[in-house]
Every structure is written in C-alpha cells, then in structure tokens.
Amino acid sequence: MFLTALYRPMTIACLCLTISVPTLAAQSPAGGISLSQTRVVFLSTDKAQTLAVKNTAKQSYLIQSRVQQTPDDHTAAPFIVTPPVFSLQPDNQQLLRIIPQGGSLPADRESLFYLAVIAIPAHSSKDIPDARVSMGVRFIIKLFYRPADLKMAPASNPCNLRLSAGVNAVRIENPAPYFQTFGNLKFNGQPVNLDTQPDMLAPMSTQNYTIQGPVTQVTWQTVTDYGGLSTLCQQSIASQ
C-alpha cells in the first residue's frame with residue numbers, strides 16, 4: 001500500500017475495496033468519491049491529461065494517485081500524477097494532472113498502463129490512536145498510451161476482429177494497433193463470462209475462448225474511448 005498519513009506519524013493499515021472500472025460510472029459503492037471518467041487515452045502528442053476526483057460525502061478523504069504497470073504491480077510507469085497526495089474536502093473536487101516522463105514506448109501500437117486512485121477517510125490526530133485500520137476504496141482505470149501516427153481510426157476497429165473455430169475454442173484475433181475491451185461477448189446468443197475468460201485483446205494478438213460445443217454465431221460490443229459501448233458486431237464462423 002502506498003498511501004501514507006498526512007496529519008502525524010502513525011501506523012495505518014488500509015483495507016481497500018478495489019474497483020476496476022470498465023464502462024460503469026467510476027464511483028464507490030457507498031457514494032462519496034467518484035472519478036470523472038472510466039479510462040484515460042493519452043496521445044503521444046499530449047503534454048498532459050486531466051481527470052477529476054469528486055467528493056460528495058460529508059467527510060474529508062485522503063487521496064493518493066499514481067500510474068502503474070499493472071493493476072496489482074506498483075512498479076512505476078513513465079507517467080507522474082500531480083498532486084500525488086492531497087486532502088479532498090466535502091462537496092469538493094480536485095483535478096489530477098497526468099504528465100509523461102519520457103521513456104521509449106512502441107510507436108506502432110498502443111501501450112497499456114493503469115491509474116490507481118486510493119481514497120481513505122481522513123481523521124485528525126486527536127480522533128485516532130497511534131495505530132488503526134482504516135477502510136478505503138481503490139479505483140483502477142486503464143490508461144492507454146496511443147501513438148499519434150497510427151493509421152487506423154479507433155472507432156473503425158470493433159467489427160474488424162477475425163474469428164475462427166479451434167479445438168474446443170473460438171479463436172479471436174485483433175489485427176488492429178489498438179486494445180479492444182469487450183463490453184459484452186456472446187456465442188450463439190449466450191453471454192461469455194468475461195470474469196473467467198479474457199475481456200481484452202492486446203494489439204495484433206490472438207486469444208482462445210473455451211467453448212463446450214459448436215459455435216456458429218458470435219456477437220460483441222467493445223468499450224469506446226468515452227467508456228460507452230460500440231455498435232453491435234456479429235460474425236458467423238464455421239465449426240471444425
């Protein structure tokens with residue numbers, strides 16, 4: 001855990017509920033803290049991107065944010081977030097500014113990072129003992145670094161996936177230089193469980209989806225840059 005206390009030295013263990021945000025509103029289940037968007041698209045020509053953290057609760061929160069390599073790996077990514085740590089007062093909001101820090105990233109495809117925002121209730125020193133456990137919430141949203149010179153437009157890609165039948169699997173290929181995140185995926189009209197099967201295809205990659213019987217029809221929608229769903233795509237495939 002990388003959140004530290006702002007008021008006085010103490011030991012804080014933060015039990016944080018993690019919210020990975022695909023298309024739903026980036027808001028904690030109990031309300032209070034929310035993010036203004038569900039993903040960040042950072043063009044290689046951008047000097048910075050901003051995102052708002054809003055507090056509609058009646059108490060203050062300590063907020064810490066960073067960009068990292070994976071949802072659970074705190075290894076630093078080539079971006080910094082300012083301010084990295086702050087106190088967010090009730091009925092207030094704060095803009096986070098995401099700034100690139102150099103580094104060599106692929107120019108022919110998107111790269112994926114994760115913005116982690118942790119919020120824990122703030123307490124003054126007189127209200128808390130020297131050690132306490134504090135309940136908090138952690139938001140995880142995707143940050144896509146997108147080279148500006150990619151030839152294909154992102155909006156034209158969702159229905160260009162290539163599908164084929166494999167051995168007890170449907171093979172889905174993403175030929176585009178963009179990540180494709182499924183909002184929904186159905187085989188023969190039945191939803192695929194995207195909690196147990198891959199919900200995202202990396203650029204120019206292939207994933208196999210396990211099936212129990214022949215699949216002849218596949219429909220899907222992907223998540224757009226704005227967190228909504230794309231047009232409905234469908235494709236027939238020949239069983240092996």
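Colleague: Which residues have the most contacts inside the largest nonpolar core?
Modeller: In soluble globular proteins, nonpolar side chains tend to be buried together. Here the largest nonpolar core has 26 residues, and Val53, Ile63, Val67 and Ile98 have the most contacts inside it. Strand E10 supplies the largest share of this core, 5 residues. Another core, of 17 residues, lies apart from it and includes Leu161, Phe182, Val215 and Ile237. A nonpolar core is a set of buried Ala, Val, Leu, Ile, Met, Phe, Trp, Tyr and Cys residues joined through side-chain atoms within 4.5 Å. Buried means under 20% relative accessible area, exposed over 50%, and partly exposed in between (1.4 Å probe, protein chains only). Strands (E) are DSSP runs of at least two residues, numbered from the N terminus.

Colleague: What should I know about the model itself?
Modeller: This is a predicted model, so local features need pLDDT of at least 70 and side-chain atom pairs count only at pLDDT 80 or more, while totals for chains, interfaces and linings use all residues. Residues are numbered from 1 along each chain as its sequence is written, and side-chain values use heavy atoms, without hydrogens or water.

Colleague: What does Ile98 touch beyond its sequence neighbours?
Modeller: Contact means heavy atoms within 4.5 Å. Leaving aside residues within four places in sequence, Ile98 is in contact with several residues, among them Val40, Phe42, Val67, Phe79, Leu115 and Leu143.

Colleague: Which side chain of opposite charge is nearest to Lys142?
Modeller: Asp199, 4.6 Å away. Lys142 is buried, yet it has no salt bridge. That term needs a side-chain nitrogen of Lys or Arg within 4 Å of a carboxyl oxygen of Asp or Glu. Lys and Arg count as positive, Asp and Glu as negative; His and chain ends are not counted. Lys142 sits in strand E10, residues 131–146. Its side chain makes a polar contact of 3.4 Å with that of Thr181. A polar contact pairs N or O atoms within 3.5 Å; within protein, one must be able to donate a hydrogen and the other to accept it, and residues adjacent in sequence count only if both atoms are side-chain atoms.

Colleague: Is Ser60 buried or exposed?
Modeller: Ser60 counts as buried, at 16% relative accessibility. Its place is the loop between strand E4 (49–55) and strand E5 (61–68). A polar contact of 2.9 Å joins its side chain to that of Gln89. Ser60 also touches Ile120, Pro121 and Ala122, among others.

Colleague: How many bridges pair E13 with strand E17?
Modeller: Two strands pair if DSSP finds at least two bridges between them. E13 and E17 (residues 217–222) pair antiparallel over 5 bridges. Phe182 stands opposite Thr222 there. E13 also runs antiparallel to strand E14 (residues 190–191), joined by 2 bridges. In that hairpin, with 2 residues between the strands, Asn188 takes a positive phi near 55°.

How values were computed:
Helices (H or I, at least four residues) and strands (E, at least two) are DSSP runs, numbered from the N terminus.
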